[in-house]
Amino acid sequence: MRAFHLSLLSFFACFVSTFAAPPLLPIIRDNLNLTAAEIGYAGIASVTGAIVARIAMGAACDTVGPRLASASLILITAPAVFFTPTVSSPVSFVLVRFLTGCSLATFVSTQYWMSSMFSSPVVGTANGVAAGWGNLGGGATQLVMPFAVTLIRRSTGAAKFTAWRIAFYVPGLFQMMTAFAVLIFGQDLPDGNFRRLENSGDEIPQILFHGVRNYRGWILALTYGYCFGVELTMDNVIAEYFYDRFNLELQTAGMIAASFGLANLISRPVGGRLSDEVAKRFGMRGRLWTLWLVQTLGGVLCVILGRVNSLGGSIVVMILFSFFCQAACGLTFGVVPFVSRRSLGLISGMTGGGGNVGAVITQLAFFRGSKYSKETGITYMGIMIICCTLPLCLINFPQWGGNPSSSSSSSATEEDYYMAEWSSQEKERGLHQASLKFAENSRRERGRRSACNTAPANDTPSSSSPAIFAV
């Protein structure tokens, strides 16, 4: 649980830093004379850096563990937050947003950490709550930054063009403090800190090989681009959208925009919990089909949001949309831990990076410059959500089934699936033990009807089984 709270807090801090600028854009754009296109490029930059960073973070977690990987990235990116008050041109503003955005790769270490600490019956809930409450930073910063600017102006008499610069020291200090907390108090695994395996130089190519060749990871990366990627996009545009379209005050627009991110308090955890609950009865197929349904409904609500003309109606639809969008994120990481155990970090990184790719593509297509109004861009984004969620129908696990045209094979076992990632020499060295333990726990993914038929005599899974820890 200490790892749970540390990973949550550090990811929350990185979200606060990355999205500290959007709620202040009405001031920053006047101070730096930013055009609509330059604001769009800054938003794209904020999520672009994390694409490669998330994949690299996944490989780092597989080789050195989540504790060192997470703390190192947080400390490397913190200076970019402190340099934000010094920007004086559009180029420097885009650059600091790019560098700060790289910190969002801590999402991968958060999901890896939770998937290593919690066993299969509760891994969806653990991932959903940790990531969801971490994502709250995207909503909290919509409240904190405008409030900080107001407080600075009232207490010091500073001009607004000075106050917004001073305000950035708040997320910078917060981010650095969480990094030291992770280093001092964190622990990689239930039985101690991560240890490099012997001949780990030979391990990295195998991690890459088994991760990249698993098509399920690529499909989840695509679909995650249109739940989490959409969430990132909305964090960048929603405050400015309400400010401009409904002529609201800066703090009012920020408060409305904050409700989108703050919905993570319940939405993403609900998604993770829902994934675990449907799996008790329907197994992995329940996880996959619930993900498809929830994300598709989110796409429909996104289309509606772009068509609503009243302030009250927009707020209601936005809140509903945020719930389904973020619940789909939690449902996605109810599936990710089962794709691969040897390449868990890489698959998490690929999926997380896919979220950032989706955000970049969406912002380039619909929110760059003045080609589309923001309401039109939101409508088109909803259509993309619906279309890009369809490939979930292609995912199939030989031991569990998945898509509508297939079911689990009676001869396929969880051990066959996860042990295929290890060579006979590695098995002789005992390197496969963690995967073997996970295979035993994951028999529950066959669903209630068949779990009892496939479990060994000393394993009695049920819907009331207590949560157990397994590496």
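**Close-up views of helix contacts, rings and loops**

View 1. A148 is buried, with a relative accessible area of 9%; buried means under 20% relative accessible area, exposed over 50% and partly exposed in between, for a 1.4 Å probe and protein chains only. This is a predicted model, in which local features need pLDDT of at least 70 and side-chain atom pairs count only at pLDDT 80 or more, while totals for chains, interfaces and linings use all residues. Residues are numbered from 1 along each chain as its sequence is written, and side-chain values use heavy atoms, with hydrogens and water left out. A148 belongs to helix α7 (residues 123-156); helices (H or I, at least four residues) and strands (E, at least two) are DSSP runs numbered from the N terminus.

**View 2. E203 and T63.** E203 is part of helix α10 (residues 200-212). With 9% relative accessibility, E203 counts as buried. E203 and T63 are 140 residues apart in sequence, yet their C-alpha atoms are 8.1 Å apart in space.

**View 3. Helices α2 and α12.** The axes of helix α2 (residues 25-32) and helix α12 (residues 228-245) cross at roughly 85 degrees and come within 10 Å. Axes are lines fitted to C-alpha atoms, for helices over the stretch in contact, and angles run from 0 to 180 degrees between N-to-C directions. The two helices α2 and α12 are therefore roughly perpendicular to each other; angles under 35 degrees count as roughly parallel, over 145 as roughly antiparallel, 65 to 115 as roughly perpendicular and the rest as oblique. On the α2 side the contact is made by L25, P26 and R29, and on the α12 side by N236, E240, Y243 and D244, where contact means heavy atoms within 4.5 Å. Three of the residues in the contact of α2 with α12 are nonpolar, one is polar and three are charged. In this classification Ala, Val, Leu, Ile, Met, Phe, Trp, Tyr, Cys and Pro count as nonpolar, Asp, Glu, Lys and Arg as charged, and the others, Gly among them, as polar.

**View 4. Helices α3 and α4.** Helix α3 (residues 36-64) and helix α4 (residues 66-83) have axes that come within 7 Å and cross at roughly 140 degrees. That makes α3 oblique to α4. From α3, the residues M57, A60, C61 and V64 meet P66, L68, A69, S70 and L73 of α4. The contact of α3 with α4 has eight nonpolar residues, one polar and no charged ones.

**View 5. T106 in helix α6.** T106 lies in helix α6 and, at 0% relative accessibility, counts as buried. Apart from neighbours within four places in sequence, T106 is in contact with F11, C14, M57, S70, L73 and I74.

**View 6. Aromatic pairs.** Rings of Phe, Tyr and Trp (its six-membered ring) pair if their centres lie within 6.5 Å; planes under 30 degrees apart count as stacked, over 60 as edge-to-face and the rest as tilted. By this rule there are 27 aromatic pairs. The ring centres of F107 and F228 are 5.8 Å apart and the planes are at 15 degrees, so the pair is stacked. This pair links distant parts of the chain, with F107 in helix α6 (residues 106-117) and F228 in helix α12, 121 residues apart. F107 and F228 are both buried. For Y417 and Y418 the ring centres are 4.9 Å apart and the planes are at 85 degrees, so that pair is edge-to-face. Y417 counts as buried at 13% relative accessibility, and Y418 counts as buried at 0%. One aromatic cluster is formed by F11, F15, F19, F107, Y224, F228 and F333.

**View 7. Arginines over rings.** A charge sits over a ring if NZ of Lys or CZ of Arg is within 6 Å of the ring centre and within 35 degrees of the ring normal. R341 has its charged end over the ring of F438, 3.8 Å from the centre. R216 lies over the face of F397, 5.0 Å from the ring centre.

**View 8. Two asparagines with positive phi.** Most residues other than glycine have a negative phi. N33 is not a glycine but has a positive phi of about 55 degrees. N33 lies in the loop between α2 and α3 and is exposed, with a relative accessible area of 61%. N247, also a residue other than glycine, has a positive phi near 55 degrees. N247 lies in the loop between α12 and α13 (250-262) and counts as exposed at 69% relative accessibility.
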